[in-house]
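I opened the notebook to jot down a few things I looked up in this model.

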Amino acid sequence: MKFLTDEKLLIVGAAGMIGSNMAQTAAILGLTPNICLYDIYEPGLRGVVAEMDHCAFPGVNISWTVDPAVAFKDAKYIISSGGAPRKEGMTREDLLKGNCQIAAEFGDNIRKYCPDAKHVVVIFNPADVPARSALIHSGLKPSQLTSLAALDSTRLQEALALEVTGAHTYGGHGEAMAVFASQVKIDGKPLAEMGLSAERFAEIKHDTIQGGSNIIKLRGRSSFQSPAYQAVKMIEAAMGGEPFTWPAGTYVNEGEYRNVFMAMPTVIDASGVHFTAPEGTVDEMAALMVSYEHLVKMRDEIVSLGIVPPVSDWTKENPNL
């Protein structure tokens, strides 16, 4: 099998359903023969390793450990799903404090054991705020760390049918995400010309925003296959594979949006993540501002809890910000 790179890919939270799916997807896609699985829950981790061994992926060396010093050492690419999962009745924001503390420790491990990491993807909820905590603590450049946001856009586009293009969500990965549809085209024609009623589009937006909670109701647990696949495709792009062009969560500190991690129009490639300003209607841009303000509120809450320092001190913690 031909691999994109032979550099170390670390999967954090590998004993969980998302982590185990990421390990399998990375091996199937032939990203690297050097995959390390890390989790603090050893029995579950051993089970994942046994299943991966039973798959007999040619040329893939699966290592595993419960020791962060071993796991993070020399890792060049990292995907972390190591946060607590969302349960029925919970919003993504309900996980804020605990998962931001986990993300801060995750960032500290990067700084301590693999400061030369090339790209990191953080996917646990609420994705944007833990990702920012990880970025501040890691010392990495903003272009080197992204969070999963594509899943919201793929849910939106799927709801609008397979022949639709241009449907995206921006802002936060949560209840306040902004749904953009003004750029949508169906067979090359704008959505506005296709007779879709305002009521039906309101239903589609609701189904998109509640896509994760619906899966919890149907399966009894948070989604794992779709976030695992999207996260691995993001790291594949950073490794030099096909660029990832769905929206990703990225650090933004310009224009109207300051010192937040939010979903933007992005491209991830071997040089990192690059974003542009979203374009939309007056109503869409207003919804994005509401989402941004929600992210600022969560950011300030994490600052008040001492998980990250005040914004004015971020450059002391990470000079790249």
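I started with strand E12 (residues 248-254), which pairs with E13 in the antiparallel sense over 6 bridges; pairing needs at least two DSSP bridges between two strands. Helices (H or I, at least four residues) and strands (E, at least two) are DSSP runs, numbered from the N terminus.

Before going on, I noted that this is a predicted model, where local features need pLDDT of at least 70, side-chain atom pairs count only at pLDDT 80 or more, and totals for chains, interfaces and linings use all residues. Residues are numbered from 1 along each chain as its sequence is written, and side-chain values use heavy atoms, leaving out hydrogens and water.

Back at the pair, I found Thr 250 opposite Met 262 in E13. The hairpin has 2 residues between the strands, and Gly 255 there takes a positive phi near 60 degrees.

Is E13 enclosed or open? Strand E13 (residues 257-264) has 7 of its 8 residues buried, so it is largely enclosed by the rest of the structure. Buried means under 20% relative accessible area (1.4 Å probe, protein chains only).

Next I checked helix H5 (residues 128-138): 11 of its 11 residues are buried, including Arg 132 and His 137. Gly 139 follows H5 with a positive phi, near 80 degrees.

Last, I looked at where H4 meets H10. Leu 96, Lys 97 and Cys 100 in H4 meet Met 298, Glu 301 and Ile 302 in H10, contact being heavy atoms within 4.5 Å.

Note on methods
Buried means under 20% relative accessible area, exposed over 50%, partly exposed in between (1.4 Å probe, protein chains only).
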